[in-house]
Amino acid sequence: MLRAVALAERAAGRTSPNPMVGCVIVKDGEVIGEGWHQGPGTPHAEPAALAEAGDAARGATAYVTLEPCNHYGNTPPCSEALIAAGVAEVVYAAADPNPLAAGGADRLRAAGIRVRHVLVPEADRLIRPWVHGLTASRPYVYAKLAMSLDGRTATKTGESKWITGPEARTHGHLLRQRTDAIIVGVETVLADDPGLDPRPEGVVPAPSLKIVMDSRLRTPAEAKLLSTPGDVLIFTTGTADWQAEDALREQGAEIIRIPSVNDRPSLSAALAHLKEIGCQSVMIEGGGTLLSSVFDDGLVDEVWAYIAPLILGGGRPAISGEGPDQLASAFTLADRQVEQLGTDLFIRGTLQRREEAVCSQAS
């Protein structure tokens, strides 16, 4: 099953609005077929693996990260493909929560195929944004932090390259790769001039929408993000300068004026628009004011934090703002993963309020 998860990850950033899914077919202790869903309109993981296995799939066991679908969409039901191939057993990790496609396990059992459901956290993590998108009115939101041990992203003079080491920066591009959109505030554009495009090592980059929250359209027409691969969308307010808008449009940027909150583009309105245009997941990459706003508004679902063994003692904070009055209202991370990346530490987890975590542990 972990091999199936690894296969699914090969399509990171390319399957939206579909989930990432991997499948491995085994017979007599040997892998005879592998497959993964590569994007909308392409075969699902199970048919791809069955095609590689051929006639040898009869009597085999299929391991798949998500319960085989049981409906006709752009492709026929995977449950029927497995039945037609004559597999003897299907082992799946995550149950399909989509009411349009659920029921694959029951269909397989009705056809006389053995079915097992096993809990594999790695498989659940694959489909978090997709599951979120089935019912939520906004995309799944990742908050990415790259900071010193005392929570700073730059020195007091603004020097920020590089807080973290090359291993952490390489790893960070994997997050860019797997999200549909990357969001920064205009202050980050002015201070760092980021390209915002995914640049994963050894992988053809998947396109991501580059987004700037810019209340007064201060994004320079020569900003690097306007020349790197991928479309650019700038959310601004109704009071922004029209001449600046024209200049940015000439550079290929799309400008959308949305309602403002405290003289800044409304994050909720921006996320609602991104959901409407098909974004399943977004990454908030900075700066401190923007990150503070998404945390304060309860819009963060998952955190990816890269922490360098540096202490600056001052400078630009990773998250600015006042924060909670009481520790009980602080955020904590659930389903945590911790990894050493060169000299840096990587911490990943889903976000919840501390009191929610305490209640969950008590129950």
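A cavity here is a set of grid points where a 1.4 Å probe fits but cannot get out. With that settled, I opened my notebook on this predicted model.

Entry 1: I searched the whole structure for cavities of 30 Å³ or more and found one. The largest cavity holds about 140 Å³ of space. I then listed its lining, which has 17 residues; Gly 13, Thr 15, Met 20, Arg 178 and Gln 280 come closest to the centre.

Entry 2: I sorted the lining residues of the largest cavity by type and got eight nonpolar, six polar and three charged.

**Entry 3: an annotated site.** I turned to the UniProt record, an unreviewed entry, where "binding site" is the annotation on His 44, Cys 69 and Cys 78. These residues span 35 residues in sequence, but their C-alpha atoms are never more than 9.2 Å apart, so they gather at one spot.

**Entry 4: His 44.** I located His 44 in the loop that runs between β2 (30-36) and α2 (45-53). Its relative accessible area is 22%, so I put His 44 down as partly exposed. Leaving out residues up to four places away in sequence, I noted that His 44 touches His 37, Cys 69, Thr 75 and Cys 78.

**Entry 5: Cys 69.** Is Cys 69 buried or exposed? Its relative accessibility is 8%, and the cut-off for buried is under 20%, so Cys 69 counts as buried. I found Cys 69 in the loop between β3 (61-66) and α3 (78-85).

Key: Residues numbered from 1 in each chain as written. Predicted model: local features only at pLDDT ≥ 70, side-chain atom pairs only at ≥ 80, totals over all residues. Heavy atoms only, no water. 1 Å grid on protein atoms, 1.4 Å probe; cavity = no way out; pocket = protein on both sides within 12 Å on 5 of 7 lines; lining within 4 Å. Points joined across faces, edges and corners; volume = space filled by probe spheres on them. Nonpolar A, V, L, I, M, F, W, Y, C, P; charged D, E, K, R; others polar. UniProt positions renumbered as here; feature names shortened; annotations may be inferred. Helix = DSSP H or I, 4+ residues; strand = E, 2+ residues; numbered from the N terminus. Buried < 20%, exposed > 50% of the residue type's maximum accessible area, 1.4 Å probe, protein only. Contact = heavy atoms within 4.5 Å.
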